[in-house]
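Have a look at it first, and then we'll go over some of the details.

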Amino acid sequence: MNTGRIRVIVRKEWLDMRKNKMVLGMMFLLPLILVLMILGTAAAFRYVPEQMSDPLVPEGTPGLPPALAQMDTDDRTLAILNDQYMFYLLMIPMVLPVYIASYSIIGEKETRSLEPILATPISTAELLIGKVVGAVTPAVIAAWASFALTALGMYFLATRPVFLYLIRPIWTVGMLIHSPLFALMSASGGVIASSRLNDPRAAQQISGLLVVPLLGVSFLVLMGRVYLDTGTLLWVTPIILALNAAILWLTVRIFQRETILTRWK
Amino acid sequence: MIHAEGLVKRFGDNLAVDDVSLEVRQGEVFGFLGPNGAGKTTTVRMLTTLVAPTGGTAWVNGHQLGVADAQVRASVGLLTEAPGLYPRLTAVENLGIYGQLHGVEDVPAQVRKYLTLLELWDRRDEPVGGFSKGMQQKLAIARALLHEPPALFLDEPTAALDPEAARVVRDFIETLRGEGRTIFLCTHNLDEADRLCDRVGVIRQRLVRVDTPANLRHGLYGRSVRVRLAQPTPGLEASVAALPFVQGVTPLEDGLRVALDDPETHNPNLVRALVAAGAAIQYLEEESHTLEQVYFDLMAESREAVA
Ligand SMILES: Nc1ncnc2c1ncn2[C@@H]1O[C@H](COP(=O)(O)OP(=O)(O)OP(=O)(O)O)[C@@H](O)[C@H]1O
Ligand SMILES: [Mg+2]
């Protein structure tokens, strides 16, 4: 494994992305809309009083974490809404890499640029890892930037307990450690799916299935059935890591030189 | 430089390449001719480690396929059928990626060298998506040469180019040949093969024939000269046929066709004999067969062999 060659591919992916308005737009638009929604909600709570007559989670609901139990009704509602939004933010690194990886591979098919690349000393693993990393990094940066912006906005718009509740370890750890792992999985999924399909949208939808388990968890949280805590989050980390390693290994195994040439066309 | 032994490639039930053995020497320009689907690209892909042979093996620059693939790839430059450039990137960016992948020491210098040689330096910072086909093809050739590979594979370098662009590319190949690089040239253009190649291989799944263009022509038709006479000369045909070095005489409307194995040696004697027999010679010229005729005849032959 030659990291220099991986870096060349990653840099090429970034360079190409910077010149691709479609991908660039996707990368900025989705996170931006989300951040605006989150901060808009917080602003509404702050400047439009008494708009929530029906509290989302009434006082005295059993199993309420102490931090939430101690808040007033409005704060508690906002904090819970924030938690739900955070799932969408966490989905940025799941969704974007699929898009980026699909575009990148379908682009290579269209320009027929894989054959000359494969005729250089690069190994299949180096090429694929370069593609995956090239798709993961911008998505993770977009997710981190969105989280940072959200936190900053919340600092100014919401009360201190709501702000502290937002940046509690579960989300910071989730953002810092889990979102790159989700992104890796998603990019590998994008590589696998788009190598068989010629339409980025179809590839995205199929690899979008990866999001389903997370959506399930998110739904449970929305229903108030599960309160995620840092312990649970740390506990699932090795599982996600193993899953990642397996998918990456599978991707490299599936795509030998010849398969890439014949399938990626 | 390139040594193949019994290369076979099957795609499912489809036998694309069957038992191809060949030897291309260092510094040689080897032409690879054959109809569509004959297996030219597949052979090149095997020799550049892009697809694995189903049978047989080969050595490129001393490195064996399947054993030292990375070394094989480091020793070859490949111009693929499609240029395969990144359209949004500039010429310099496109080449830079390949220079780095090949571990070229001074990438900017090499990029500059080949962009200048191929007259693309002035357009170096433009996205190549806007380049003409000819410019894209030249850039793809530059890309194949950045790491100064000892062996260069060109898969139909002038197909899809207008005559002028094709000539620029062809002239460039001639320059490369002067540098002692081994060139493996797939082409449909028989004039091109005739002009550029030291030897040609004709393939149709199997290798039908390998020889120099000249030998291919002569081997198939023998050599002959055409004598044009001012007026018919009675008895001339018989007296020419009686000459010991003449292998055959065919009367033509305005003269004779005389088959000889070595016109360079025997033409002076032939001319003397003709004059002595009273012939009024207007012209005497070697009959030339184009490689195209040879090619069509070889193809007809191989079709018969299959049938
Ligand atoms: N990846 C592949 N999968 C299945 N069959 C293939 C594949 N690549 C080539 N073939 C088949 O192998 C045969 C040889 O194809 P190849 O591309 O080598 O021919 P070629 O001589 O380069 O033709 P052309 O002059 O059209 O470029 C054809 O019958 C082709 O359909
Ligand atoms: Mg071909």
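A salt bridge is a side-chain nitrogen of Lys or Arg within 4 Å of a carboxyl oxygen of Asp or Glu. In general, side chains of opposite charge can pair when their charged atoms come close.

Before we start, note that this is a predicted model, where local features need pLDDT of at least 70, side-chain atom pairs count only at pLDDT 80 or more, and totals for chains, interfaces and linings use all residues. Residues are numbered from 1 along each chain as its sequence is written, chains are lettered from A and ligands numbered from 1 in the order in which they are written, and side-chain values use heavy atoms, with hydrogens and water left out.

**Salt bridges**

Over all chains, the whole structure holds 24 salt bridges. Here are some of them:

| Pair | Closest N to O |
|---|---|
| B:Arg195 and B:Glu174 | 2.9 Å |
| B:Glu192 and B:Arg170 | 2.9 Å |

Take B:Arg195 and B:Glu174, whose closest N and O atoms are 2.9 Å apart. B:Arg195 sits in helix α7 of chain B and B:Glu174 in helix α6 of chain B, so this pair ties together parts 21 residues apart in sequence. (Helices, H or I with at least four residues, and strands, E with at least two, are DSSP runs numbered from the N terminus.)

Are B:Glu192 and B:Arg170 buried or exposed? Both are buried, where buried means under 20% relative accessible area, exposed over 50%, and partly exposed in between (1.4 Å probe, protein chains only). By contrast, B:Arg195 is partly exposed at 37%, and B:Glu174 is partly exposed at 33%.

B:Asp18 counts as buried because its relative accessibility is 18%, while B:Arg206 is partly exposed at 44%.

**Strands in chain B**

Chain B has eleven helices and 14 strands, and 50% of its 307 residues count as buried. Strand β11 (residues 223–229) of chain B is mostly covered, with five of its seven residues buried. Two strands pair if DSSP finds at least two bridges between them. β11(B) pairs in the antiparallel sense with strand β13 (residues 255–260) of chain B over six bridges; one example puts B:Val227 with B:Leu256. β11(B) also runs antiparallel to strand β14 (residues 281–286) of chain B, joined by five bridges, and there B:Arg228 has B:Tyr283 as its bridge partner. Then there's strand β12 (residues 246–252) of chain B, which pairs antiparallel with β13(B) over six bridges. β12(B) and β13(B) make a hairpin, with two residues between them.

**Where the chains meet**

How many residues does each chain bring to the contact? Chain A gives 24 residues and chain B gives 29 residues, with contact meaning heavy atoms within 4.5 Å. Together the chains bury about 2600 Å², 61% of it on carbon and sulfur atoms. That buried area is the accessible area (1.4 Å probe) that two parts lose on being put together, summed over both. A:Glu115, A:Pro121 and A:Glu258 supply 21% of the area that chain A buries against chain B, more than any other three residues.
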